[in-house]
Amino acid sequence: MEKEREARKKDLEKLGASVRYGAPSFDAFGVGGEVKEVVYPRDGLALARAVKYLCGGAVVLGGATNVLFPDGVLERTVVSTSKLTDVSVRGDRVYCQAGARLPAVVSKCAGRGLSGIEQLAGIPGSIGGAIAMNAGAFGREIADVVTRVDAVTADGRVVALSPSMLGAGYRHTDIAGMGLTVLGAELSLAGSTAKEVKERIEGYAARRRSSQPEGRSLGSVFKRADGVSAGYYIERAGLKGARAGGAEISEKHANFIINSGGATAAQFRELAELARAEVFRQFGITLEYEVIFL
């Protein structure tokens, strides 16, 4: 077994990726599990090669800000895009690698006086994840500004997707369904001034602070239901402040589950399923998860 692992590690290193075994879970909720194997491609070509080598037997993650790792050991290979963080600007076009964090992209664009994604400044995830799920806030979705997405197929081929090929909808694209992994994307923004863009970012940040809780969480647990916030139904169901161990449905926003200290993935799931069941029982509405469970 050890010889096989070492051979696999050497193969991946030749393809341009480093490997770590028994790495701590790195989701934003802060559970205490481990990951059997984490692969870190150094660039887009290495990511494509690693995906092909692993033959679809891995999950590709960026910031894991809306992904819940299990308790204990995740017996899967995780490919991390954390080293793919380059962001280049040419005029009003911005090209971002998959691992670039959305706040950093928004900040860089603001410094160049480029407008169009100020609303997304408070979303902590990576560009790859944001595009795959069509992240959005305050009426703006990232798909609104995407002009091209570069992705890799399961057999390692790089393909370019136009906006019409994404199948973008509310917190959804067809990228995962097509078996693709995002390598990077080009955004088209509008000219403004750095001062104006930064002022708008601060305005959205203030609105976010006033409505969303602090602390470790995975953001919104559920998607909107027929245009209505899931938090509205969870609050109406009387579940604000409900707890399971160290996990708590936020008193400030009922669509957030907070790790108030030592929470486990099982406790997160317990609260999430409680909210889902009670909303269905009381209102006949089935909430759809925005969080991804590994």
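Which residues of helix α2 (residues 44–54) are buried? The close-ups below start there and then visit other parts of the structure. This is a predicted model, in which local features need pLDDT of at least 70, side-chain atom pairs count only at pLDDT 80 or more, and totals for chains, interfaces and linings use all residues. Residues are numbered from 1 along each chain as its sequence is written, and side-chain values use heavy atoms, with hydrogens and water left out.

View 1. The buried residues of α2 are Gly44, Ala46, Leu47, Ala48, Ala50, Val51 and Leu54. Here buried means under 20% relative accessible area, exposed means over 50%, and partly exposed is in between (1.4 Å probe, protein chains only). Helices (H or I, at least four residues) and strands (E, at least two) are DSSP runs, numbered from the N terminus. Cys55 follows α2 and has a positive phi, near 55°.

**View 2. Helix α5 and its buried side.** Helix α5 has 18 residues (194–211), and at 1.5 Å a residue it should span 26 Å, which agrees with the 26 Å between its end C-alpha atoms. The expected span is 1.5 Å times one less than the number of residues. Val197, Ile201 and Arg208 are the buried residues of α5. They cover an arc of only 35° around the axis, so they sit on the same side of α5; the arc is that of the directions from the helix axis to the C-beta atoms. These buried residues pack against α3 (102–111), β8 (114–115) and β9 (136–137). On the face turned away from the buried side you will find the exposed residues Lys195 and Ser210.

View 3. The term stands for a side-chain nitrogen of Lys or Arg within 4 Å of a carboxyl oxygen of Asp or Glu. Because Lys195 and Glu199 are four residues apart in α5, about one helical turn separates them. Lys195 is exposed, with a relative accessible area of 58%, while Glu199 is partly exposed at 46%.

**View 4. Salt bridges elsewhere in the structure.** The structure holds 16 salt bridges. One of them joins Glu37 and Arg8, with the closest N and O atoms 2.9 Å apart. Glu37 lies in strand β2 (residues 34–41) and Arg8 in helix α1 (residues 2–14), so the pair ties together parts that are 29 residues apart in sequence. Glu37 is buried at 3% relative accessibility, whereas Arg8 is partly exposed at 28%. Asp92 and Arg93 also meet through their side chains (3.7 Å, N to O), and a network of salt bridges links Asp92, Arg93 and Glu186.

**View 5. Asn134 in its loop.** Look for Asn134 in the loop between α4 (127–132) and β9. Its relative accessibility is 0%, so Asn134 counts as buried. The side chains of Asn134 and Glu141 are joined by a polar contact of 3.2 Å. Such a contact is a pair of N or O atoms within 3.5 Å; within protein, one must be able to donate a hydrogen and the other to accept it, and residues adjacent in sequence count only if both atoms are side-chain atoms. The Asn134 side chain also reaches the backbone oxygen of Gly169 at 2.7 Å. Leaving aside neighbours within four places in sequence, Asn134 is in contact (heavy atoms within 4.5 Å) with residues including Ile142, Ala168 and His172.
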